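Here is a short report for someone meeting this structure for the first time. Look through the view below, then read on.

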Amino acid sequence: MTFPTVLPAPRAILFDLDGTLADTAPDLAAAVNWLRTERGLAPTPYDILRPTASAGARGMIGAAFGLAPGDEGYEELRLAWFDRYQSAMWLHTTLFDGIKELLDGIEQAGMAWGIVTNKPARFTDPLVPNIGLAHAGCIVSGDTTPHAKPHPAPLLEGAQRLGLAPEQCWYVGDDLRDIEAGRAAGMVTVACAWGYCGAIEPSTWGADYLLDTPAHLMQTLREVADAARQAERVA
């Protein structure tokens, strides 16, 4: 983890969705266990499924059925999982503790915020308003651009929709590919340790910041803004 000494205050914060803004794992896991129950199998324990939630269908099916893309039977399960998940996307999904306050603080500070996710629009479009995020400045889904993260295209699209240069934005996510996409887009990157984070230790991702809570992110934004103002006065 590196800490830039003096940064310009960002004009916008872009967020991943699953595992960053919203705790979607309960409904993602329920959908894949629905498939297991239909096939006469016992549910996969939630503590095994949860860390894979940021990987969507690939993570859930991999953990619950031991199958990967290209394996026989994977595609059938993936399509069935999509249908089960779409029918019950926000039964147990909530925003992480402190996210509402974080977004309020960002807006009060005069910054914009938006969502850039690999989740397809068929899920993002109905889910986002039902969990209280309809006021996002932009929503870029996994199929909005020809490429998904870790490609920078979705993040660049998000910045463009906000009318900003990429370097005026920070990107916050709970997966290595989020940090890779943010770096490739030329944004300051934040790894959020409150998310799912997967099997790779977040401290090894090379993010500019590794933060434990949404409140810690708000504190960091204030500190960066104060340091930038002080640097301008000295200059």
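Helix H9 buries Pro-214, Leu-217, Met-218, Thr-220, Leu-221, Val-224, Ala-225 and Ala-228. Seen down the axis of H9, these buried residues fall within an arc of 160°, so they line one face of the helix. The general rule behind such a pattern is simple. An α-helix has 3.6 residues a turn, so residues three or four places apart point the same way. On the other side of H9, Ala-215, Arg-222, Arg-233 and Val-234 are exposed. This is a predicted model.

H9 covers residues 214-234, 21 residues in total. From first C-alpha to last, H9 reaches 31 Å, close to the 30 Å expected at 1.5 Å a residue.

What covers the buried residues of H9? The cover includes strand E1, helix H5 (99-108), and strands E6, E7 (188-192) and E8 (209-211).

E1 (residues 12-15) is itself covered on both faces. Ala-12 and Leu-14 are buried on one side, Ile-13 and Phe-15 on the other. In a regular strand the side chains alternate between the two faces of the sheet.

| Partner of E1 | Sense | Bridges |
|---|---|---|
| E4 (residues 112-116) | parallel | four |
| E6 (residues 169-173) | parallel | four |

Single residues mark these pairings. Phe-15 has Ile-115 as its bridge partner in E4. Leu-14 stands opposite Tyr-171 in E6.

Next, the core. The largest nonpolar core has 53 residues. Those with the most contacts inside this core are Phe-15, Trp-81, Ile-106, Trp-170 and Leu-217.

Now turn to Tyr-74, found in helix H4 (residues 74-86). Is Tyr-74 buried or exposed? Tyr-74 is buried, because its relative accessible area is 5% and the cut-off for buried is under 20%. Leaving aside neighbours within four places in sequence, Tyr-74 is in contact with Ala-57, Arg-58, Ile-61, Leu-67, Ala-68 and Pro-69. Leu-211 lies 137 residues from Tyr-74 in sequence. In space, the two are 35 Å apart, C-alpha to C-alpha.

Notes:
Residues are numbered from 1 along each chain as its sequence is written. This is a predicted model: local features need pLDDT of at least 70, side-chain atom pairs count only at pLDDT 80 or more; totals for chains, interfaces and linings use all residues. Side-chain values use heavy atoms; hydrogens and water are left out. Helices (H or I, at least four residues) and strands (E, at least two) are DSSP runs, numbered from the N terminus. Buried means under 20% relative accessible area, exposed over 50%, partly exposed in between (1.4 Å probe, protein chains only). Contact means heavy atoms within 4.5 Å. A nonpolar core is a set of buried Ala, Val, Leu, Ile, Met, Phe, Trp, Tyr and Cys residues joined through side-chain atoms within 4.5 Å. Two strands pair if DSSP finds at least two bridges between them. The expected span of a helix is 1.5 Å times one less than its number of residues. The arc is that of the directions from the helix axis to the C-beta atoms.
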